Amino acid sequence: MAKFNKSQPIPLPLQVYALKSKYKNLIEQCEVKNGVLSCIMRITPSENSDIYRVLIKYKISLKSCEYYPQVWLLDPLVRTKEGKLPKHIYISRTDSSGHICLCLFYPRYNEWNRNMLIADTFVPWISAWLNTYEYWLITGEWHYAESPHDRSK
Amino acid sequence: MQSLGENTAERVFSELAKEDRVAIENQSVKISTLTGGLSKSGTIPVPKNHNHGEI
């Protein structure tokens, strides 16, 4: 893989190329349209899991909430455990169809930047989130590294 | 009210979840490009991260 100038974000077409070349069996749709990367994938987080359809959206922007990719769970819809949603979601970004936006990393820990490939970061994080979520549905406990929550975000 | 069986299942799955987390951290499981799932035969490691949230 070519090296990039760290001051420049990885171009969206290259992000799409990496997603398509690494996960060609899982991608339903992946394109850049009007400056926005949009990718729908089918992920089976473990051997006995359901198949989950997720939407990754990303545009190179300086707005804080658009600075990094965002991921919605399209199907099946997020389930509750004893009436509660999993805590690692952005409830305010739920779309009109009830698709929940997943909280995959903590921006203040600098775990992601625009010089990283979505294919090597967000896709593994989605799988780990879904795996953890399936355990949470049974146990009610979130067995994964967590960051402090901030209601103002 | 939970039954004894439910408690046992929760304990067992909690242990499995912890094992998965350790396996992710030490990269004995990685992401399979065929399923997108965690697998011993996977090729893409899970970079260190923390799940965040607002609720």
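Reader: I'm starting with Ser49(A): with which side chain does the side chain of Ser49(A) make a polar contact at 2.7 Å?
Author: In this model, which is a predicted one, the side chain of Ser49(A) makes that polar contact with the side chain of Glu134(A), at 2.7 Å. A polar contact of 2.6 Å also joins the side chain of Ser49(A) to that of Ser46(A).

Reader: And where does Ser49(A) lie in the chain?
Author: Ser49(A) sits in a loop of chain A, the one that runs between strand β2 (36-43) and strand β3.

Reader: Does Ser49(A) count as buried or exposed, and why?
Author: Ser49(A) counts as buried, because its relative accessibility is 13% and the cut-off for buried is under 20%.

Reader: Which residues does Ser49(A) touch, if those up to four places away in sequence are not counted?
Author: With those sequence neighbours set aside, Ser49(A) touches Thr44(A) and Glu134(A), and Glu134(A) is also the partner in the polar contact of 2.7 Å.

Reader: Let me step back to the whole chain: how many helices and strands does chain A have?
Author: Chain A has two helices and six strands, and, read from the N terminus, its elements follow the order α-β-β-β-β-β-β-α, with a helix at each end of that series.

Reader: What order do the six strands take in the sheet?
Author: They form an open sheet with antiparallel pairing, in the order β1-β2-β3-β4-β6-β5 of chain A. The edge strands are β1 (27-33) and β5 (89-90) of chain A, each of which pairs on one side only.

Reader: What joins β5(A) to β6(A)?
Author: Two bridges join β5(A) to β6(A), and the two strands run antiparallel; within this pairing, Tyr90(A) stands opposite Cys101(A) of β6(A).

Reader: How many residues of strand β4 of chain A are buried?
Author: Five of the six residues in β4 (residues 70-75) of chain A are buried, so that the strand is mostly covered. Over chain A as a whole, buried residues make up 52% of its 153 residues.

Reader: Of the contacts in chain A between residues at least 6 apart in sequence, what share joins residues at least 24 apart?
Author: For those contacts in chain A, the share that joins residues at least 24 apart is 48%.

Reader: Now for the other chain: how many residues does the contact take from chain B and from chain A?
Author: The contact takes 28 residues from chain B and 49 residues from chain A, and the area buried between the two chains is about 3,400 Å², with carbon and sulfur atoms giving 56% of it.

Reader: How many salt bridges and polar contacts are there between chain B and chain A?
Author: The count of salt bridges between chain B and chain A is zero, whereas 19 residue pairs are in polar contact across the interface, with both residues of each pair at pLDDT 80 or more.

Reader: Which helix gives the largest share of the side of chain B that touches chain A?
Author: Helix α1 (residues 4-25) of chain B gives the largest share, with nine residues. That side of chain B divides into 12 nonpolar, 10 polar and six charged residues.

Conventions:
Residues numbered from 1 in each chain as written. Chains lettered and ligands numbered in written order. Predicted model: local features only at pLDDT ≥ 70, side-chain atom pairs only at ≥ 80, totals over all residues. Heavy atoms only, no water. Buried < 20%, exposed > 50% of the residue type's maximum accessible area, 1.4 Å probe, protein only. Helix = DSSP H or I, 4+ residues; strand = E, 2+ residues; numbered from the N terminus. Contact = heavy atoms within 4.5 Å. Buried area = accessible area lost by both parts, 1.4 Å probe. Salt bridge = Lys/Arg side-chain N within 4 Å of Asp/Glu carboxyl O. Polar contact = N/O pair within 3.5 Å; in protein donor to acceptor, adjacent residues only side chain to side chain. Nonpolar A, V, L, I, M, F, W, Y, C, P; charged D, E, K, R; others polar. Pairing = 2+ DSSP bridges.
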